[in-house]
Amino acid sequence: EAAARGAKFTSTSILFASPGDKFFKLAAAAGPNAPIVRNNRYSTSDKLAEGRGLIGTAFRTGQPRIQNDLLNSHSAKVWKPKDNQLVAPRSGVALPLFSRGRVVGVLLFMAPEHDVFTPEFTELLERMAENLSFALTRFDQADEKERAEARVHFLANHDSLTGLPNREHFTRLLEQKISDCADQSSKCAVLFIDLDRFKVINDSLGHAAGDKLLVEISERLSKCTRKDDIVARLGGDEFVVLLGNIADHNETALAAMRLLQAIAPATTLAGYECKTTASIGIAIFPDNGRDAETLTKNADMAMYAVKGDGKNDFQFFSSEVKSQSVERLALETHLRHALDLSQFTLHYQPKLDAATRRFTGVEALLRWSHPELGSVPPLSFIPLAEETGLIVPIGRWVLKTACEQNMQWLRDGLPELSMAVNLSPRQFLDGALIKDIDDVLKESGMPARLLQLEVTESMVMQNVDRAIGVLDAIQSRGVRLAIDDFGTGYSSMSLMKQFPIDTIKIDRSFVRELESNGEDRAIANAIISMGKALGLTVVAEGVETEGQDEFLSASLCDELQGYLFSKPVPAEAIHRIFLDRLAAPPLQPDLN
């Protein structure tokens, strides 16, 4: 405005270019002809007529452009007045504006006389443009600093993967919500969410697939909550939802069910269709705590109670949940020291050849005897060991101890026995598994053909290609392989022939009611027939009655295992059992 008035310019204008836009945006215009400038379009492109004048040329070249006879300039015809009351411009100069060395716009002066923009006058105007460019650079630096500070602030308060509030930010939001609820005498709920089987998916398909699943879950959780509710990611596969102003437990329960339903649909990851569920623990303010730490901790306890009860559900915090959580923590603490304190032992359950009625092998089963807790049931500590990762070193000890014991029996005069050892899901995914097998066989001296490793259907079906690779590596060493709990997983019969296995074990759930349940008899017969067709050894576990024995033997099941023949016993009892029943002849050596 000062330039327009002081120099009696017809117009003074500042125009900026935007990335990806062919036309300038007018930032400011002053002088009598300012309305014309506002109504016209000016382009950065020389392919358009609006870009071939002073403005477009100065922008593209980065050099001042002067025209002291506009009336005779074809490229400047847009400046001819459209209203007789406006002053016609007869000369003009366009000066490029820079920010950090890059042309970002144009400073334009238009004058009513010819030959106004002499070199001296133009030099003066260039200094004005330089001052403006300096200011633009400082503005950009300030904007960039502000954006960087905003980004740092965002990353300090949000999860970089999902964009959700992180643990620290959620705690502050929860504290504010607690304060609001206390003032309003209202309630809020914390829902602690942990994905079931996330580690299996992450380990099987890779971290990229795991990250994709976390992003997908975060979006689903956000979509099925109310506008004022808060969804946060605390880390790993742990999410939390804060529900404000809840009326009662029923409203919270309905919200938890919606979250479970949102998580349930399958997601395609690395070419595989994967499904995951979630365990949700709920704590209510003020019933279950009056501060953020207590509420979050109690919701976490309730979530672990759901994990222990079978997962894929929700549970409210209660005194019973707290008691269970304390017991679980104590059990985990004891479990961490059990291996070092030599509290684990192995019991062995014989397997009977259905045709010869002789024992041909045993299955090693882990037992834990604690000086204070007594004999801890496997169902109480093995899932905990799996969850905490302790199962890997424990499983390594089981494999080593079982093979050493088998060789000791051989030295003591017992015939060669097949030693079956169960692999846990974490062991199966452990990258050191093959090396562990090699080391144990070498150190114990046990022939590989006497070792049989048992895996479950669900373990090998998580990632079929990887499972086949691991199983091939194991079988190539001469170790035998068995599918445990067959019939309880989700595998198809067509896929089973892809796995390099030697044995399938009919799950005890199909054996239990063989004498009274026609469906179980049909399933057992189908599994035996399929096993025979594929050239596999079929073992039935959980045999407890003569009737079950008779049916399975008549159906040509190969081996039987169960309390009818022997319960799991300590190593020293195996001698007595073999004396009571004639042992099978030694296995023939592998001549290959």
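Buried means under 20% relative accessible area, exposed means over 50%, and partly exposed lies in between (1.4 Å probe, protein chains only). With that in hand, welcome to this structure.

This is a predicted model, in which local features need pLDDT of at least 70 and side-chain atom pairs count only at pLDDT 80 or more, while totals for chains, interfaces and linings use all residues. Residues are numbered from 1 along each chain as its sequence is written, and side-chain values use heavy atoms, with hydrogens and water left out.

**The cores**

A nonpolar core is a set of buried Ala, Val, Leu, Ile, Met, Phe, Trp, Tyr and Cys residues joined through side-chain atoms within 4.5 Å. The largest one here has 82 residues, and Phe-428 and Leu-453 have the most contacts inside it. Helix H12 (residues 391–411) gives the largest share of this core, 9 residues. A second, separate core has 32 residues, including Leu-195, Leu-213, Ala-278 and Phe-316.

Helices (H or I, at least four residues) and strands (E, at least two) are DSSP runs, numbered from the N terminus. Contact means heavy atoms within 4.5 Å. Leaving aside neighbours within four places in sequence, Leu-453 is in contact with residues including Leu-399, Val-421 and Ile-474.

**Helix H8**

In H8, the buried residues include Thr-252, Ala-256, Leu-259 and Ile-263. Among the elements that cover the buried residues of H8 are strand E6 (187–196) and helix H7 (207–223).

**Salt bridges**

A salt bridge is a side-chain nitrogen of Lys or Arg within 4 Å of a carboxyl oxygen of Asp or Glu. The structure holds 25 salt bridges, and here are some of them.

| Salt bridge | N to O distance |
|---|---|
| Asp-287 and Lys-187 | 3.2 Å |
| Arg-226 and Glu-251 | 3.2 Å |
| Asp-436 and Arg-396 | 2.9 Å |

Asp-436 lies in helix H14 (residues 433–444) and Arg-396 in helix H12, so the pair ties together parts that are 40 residues apart in sequence. Asp-436 counts as buried, at 14% relative accessibility, whereas Arg-396 is partly exposed at 33%.

Asp-287 sits in the loop between E11 and helix H9 (292–308) and Lys-187 in strand E6, so this pair ties together parts that are 100 residues apart in sequence. Asp-287 is partly exposed at 44% relative accessibility, and Lys-187 is partly exposed with a relative accessible area of 30%.

Finally, salt bridges that share partners join Arg-328, Glu-332, Arg-336 and Glu-387 into one network.
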